[in-house]
Amino acid sequence: MNEIVTVNNVTKSFQHKKAVDDVSFSISKGEVVAILGPNGAGKTTTISMILGLLKPTSGEVRLFNLLPHEKQVREKIGTMLQEVSVMQGLKVNEILELIRSYYPQPLSIQELIALTGLTPQDLKTRAEKLSGGQKRRLSFALALAGNPELIIFDEPTVGMDITSRKRFWQTVRTLADQGKTIIFSTHYLQEADDAADRILLFKDGAIAADGTPAQIKASITKQSVSFVVDPEKSLEKLYQHSEITDIFRKNNRVYIHTDNTDRILELLFQERIGARDIQIERGKLEEAFEQLTGESKEAI
Amino acid sequence: MKTFQIQCKVEIIRILRNRYFVFWSLVMPIIFYYVFTNLVNSNIPNKSEWQAHYLMSMTVFSVMGSSMMTLGIRLVQERSQGWSTFLRTTPLSNTVYFAAQMVGQSVIHVFSIVIIFIAGALINDVSLTVLEWIMSGLWILLGSLPFLALGTLIGLMKKVETAAGVSNVLYMVLAVSGGLWMPLEVMPKMMQAIAKWLPSYNFGSGAWEIVRGGLPDWKNMMLLIAYLVLFMLLSNYIRRKQEVV
Ligand SMILES: Nc1ncnc2c1ncn2[C@@H]1O[C@H](COP(=O)(O)OP(=O)(O)O)[C@@H](O)[C@H]1O
Ligand SMILES: [Mg+2]
């Protein structure tokens with residue numbers, strides 16, 4: 001029984017919209033998993049259901065083989081939500097003491113300081129006077145206060161400067177090395193690649209890919225042939241060829257995605273398209289990611 | 001149990017640090033008390049009875065305000081700023097959270113009652129028997145329950161601004177029409193008839209009776225209990241409707 005999180009055919013619909021559409025996955029102890037996807041992909045909705053904050057329209061979520069809202073589960077999880085919020089009228093150390101009192105085996109204030117980089121100055125500050133960065137540190141400390149086995153972060157690095165970001169990921173590494181299970185969401189491929197040993201790629205509320213960063217990268221980078229062509233020239237002749245997986249125009253160039261670049265070159269000359277300045281590219285990862293998840297490309 | 005104690009302590013600290021609370025629930029009632037018993041109405045026949053009567057009015061005014069406004073607005077704040085959502089991911093149970101709010105708020109009420117009573121004793125030498133002080137204090141503490149329930153009802157609103165606006169207006173209307181600012185007798189007959197049914201009048205009335213040497217009318221009690229039940233049912237009903245997500 002190493003499964004910490006199981007999500008079974010979970011769907012969440014809001015009035016007219018399916019935010020999460022029949023998603024299933026499970027996460028075992030000690031995994032560091034990134035939920036990667038653009039804005040609106042359903043990351044927060046999925047995380048909210050894992051945390052028991054939202055009820056799935058259908059399907060089931062289990063944590064430690066229990067339902068998310070049960071007390072035994074709550075004692076073993078820690079979370080940093082997308083919208084960071086703190087309690088007004090209290091100093092940081094008072095909030096930490098309060099939240100620590102909820103858990104059977106909390107981390108000490110000293111340990112929390114060491115992990116999150118809260119300063120003695122921060123501890124004496126009233127919550128409503130904290131800067132954005134200090135609030136993030138506090139909410140990170142609150143997530144760890146109960147010494148959780150499962151830690152869930154929703155877009156944790158949004159609003160962090162580079163130094164805090166670096167520090168944050170270092171701490172996540174430390175926690176992972178202690179055997180904690182970690183789930184975080186992000187819309188940066190780079191971040192998922194650097195920090196996670198598994199990526200769940202979300203698109204339009206469904207899982208588009210699930211694997212190690214290397215596998216995900218291989219599956220989303222495609223080879224492409226690009227060239228400049230007279231805009232008046234019809235490219236219709238190319239459409240009939242099955243070797244072309246995708247064709248689109250971007251910045252005055254035409255891009256063709258394919259598994260077989262040699263064959264595409266042959267076709268270009270064969271069909272007399274009048275292609276100039278031809279380039280063959282191994283797709284750039286970030287671009288491929290954008291193309292996979294974005295919708296801003298212009299169809300021909 | 002330790003969680004509950006810390007949670008109560010924290011609620012109390014937060015209220016005491018809240019400037020609106022200190023102003024509306026402590027400073028204002030005491031200033032009003034001074035003004036209305038010393039600067040105006042100086043030709044009242046039974047002066048000491050009026051001074052005791054008005055001390056009760058202002059204490060009731062204070063406790064009613066912090067039940068509705070301090071509690072209500074704080075609840076909305078915590079929800080609209082996402083703090084309640086975070087709490088739902090922790091092991092803190094709803095019951096403990098709610099109980100701590102009520103206990104914390106009640107401790108604050110005891111504190112307000114004592115401060116305003118002392119102010120009355122100092123400003124006007126109001127002298128009641130020990131039993132009268134204790135009885136009237138207890139009446140005000142228990143009589144605040146329907147207003148705490150009203151506070152949780154206000155606490156269900158979506159926006160802090162709406163909650164602040166609504167609770168402010170409701171607070172003032174209830175205070176004035178319930179005879180807390182000036183005695184009911186100076187108001188039009190029509191208003192007096194309506195006031196008899198308001199929770200604020202019945203809240204004040206019990207305390208006025210006690211300092212006059214009597215006991216609260218059973219009708220005061222019944223009406224306050226009825227309002228308590230009504231507000232609780234209403235807030236449960238609305239909460240359940242909101243939870244359907
Ligand atoms: N409470 C809600 N009511 C209606 N639609 C919602 C609600 N929450 C999220 N959505 C919609 O569901 C989709 C997924 O949202 P979300 O899970 O927040 O995405 P992400 O966190 O990946 O940016 C979005 O299109 C969003 O507009
Ligand atoms: Mg999100």
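## The interface between chains B and A

In this predicted model, 23 residues of chain B are in contact with 28 residues of chain A, where contact means heavy atoms within 4.5 Å. Between them the two chains bury about 2,400 Å², and 62% of that lies on carbon and sulfur atoms; buried area is the accessible area (1.4 Å probe) that two parts lose on being put together, summed over both. Of the area that chain B buries against chain A, R17(B), W83(B) and P91(B) supply 30%, more than any other three residues.

The two chains share 1 salt bridge, a term that stands for a side-chain nitrogen of Lys or Arg within 4 Å of a carboxyl oxygen of Asp or Glu. This salt bridge joins the side chains of E94(A) and R17(B), at 2.9 Å from N to O.

On the side of chain B that touches chain A, α1 (2–17), α3 (47–80) and α4 (83–88) of chain B each supply at least two residues, helices being DSSP runs (H or I, at least four residues) numbered from the N terminus. The largest share, 9 residues, comes from α1(B).

## Helices α1 and α3 of chain B

The helices α1(B) and α3(B) pack at an angle of about 110 degrees, with their axes 12 Å apart; axes are lines fitted to C-alpha atoms, for helices over the stretch in contact, and angles run from 0 to 180 degrees between N-to-C directions. That makes α1(B) roughly perpendicular to α3(B), since angles of 65 to 115 degrees count as roughly perpendicular, under 35 as roughly parallel, over 145 as roughly antiparallel and the rest as oblique. In this packing, E11(B), R14(B) and I15(B) of α1(B) meet T70(B), R74(B) and E78(B) of α3(B).

## Helix α6 of chain B and its partners

Helix α6 (residues 130–143) of chain B packs against helix α10 (residues 199–211) of chain B at an angle of about 170 degrees, with the axes 9 Å apart, so that α6(B) is roughly antiparallel to α10(B). Among the residues that make this contact are M135(B), W139(B) and I140(B) of α6(B), together with F203(B), A207(B) and I210(B) of α10(B).

The axes of α6(B) and helix α7 (residues 145–154) of chain B come within 5 Å and cross at roughly 25 degrees, and the two helices are therefore roughly parallel to each other. Here L141(B), L142(B) and G143(B) of α6(B) touch L145(B), P146(B) and F147(B) of α7(B).

## Basis of the values

Residues are numbered from 1 along each chain as its sequence is written, and chains are lettered from A and ligands numbered from 1 in the order in which they are written. Because this is a predicted model, local features need pLDDT of at least 70 and side-chain atom pairs count only at pLDDT 80 or more, whereas totals for chains, interfaces and linings use all residues, and side-chain values use heavy atoms, with hydrogens and water left out.
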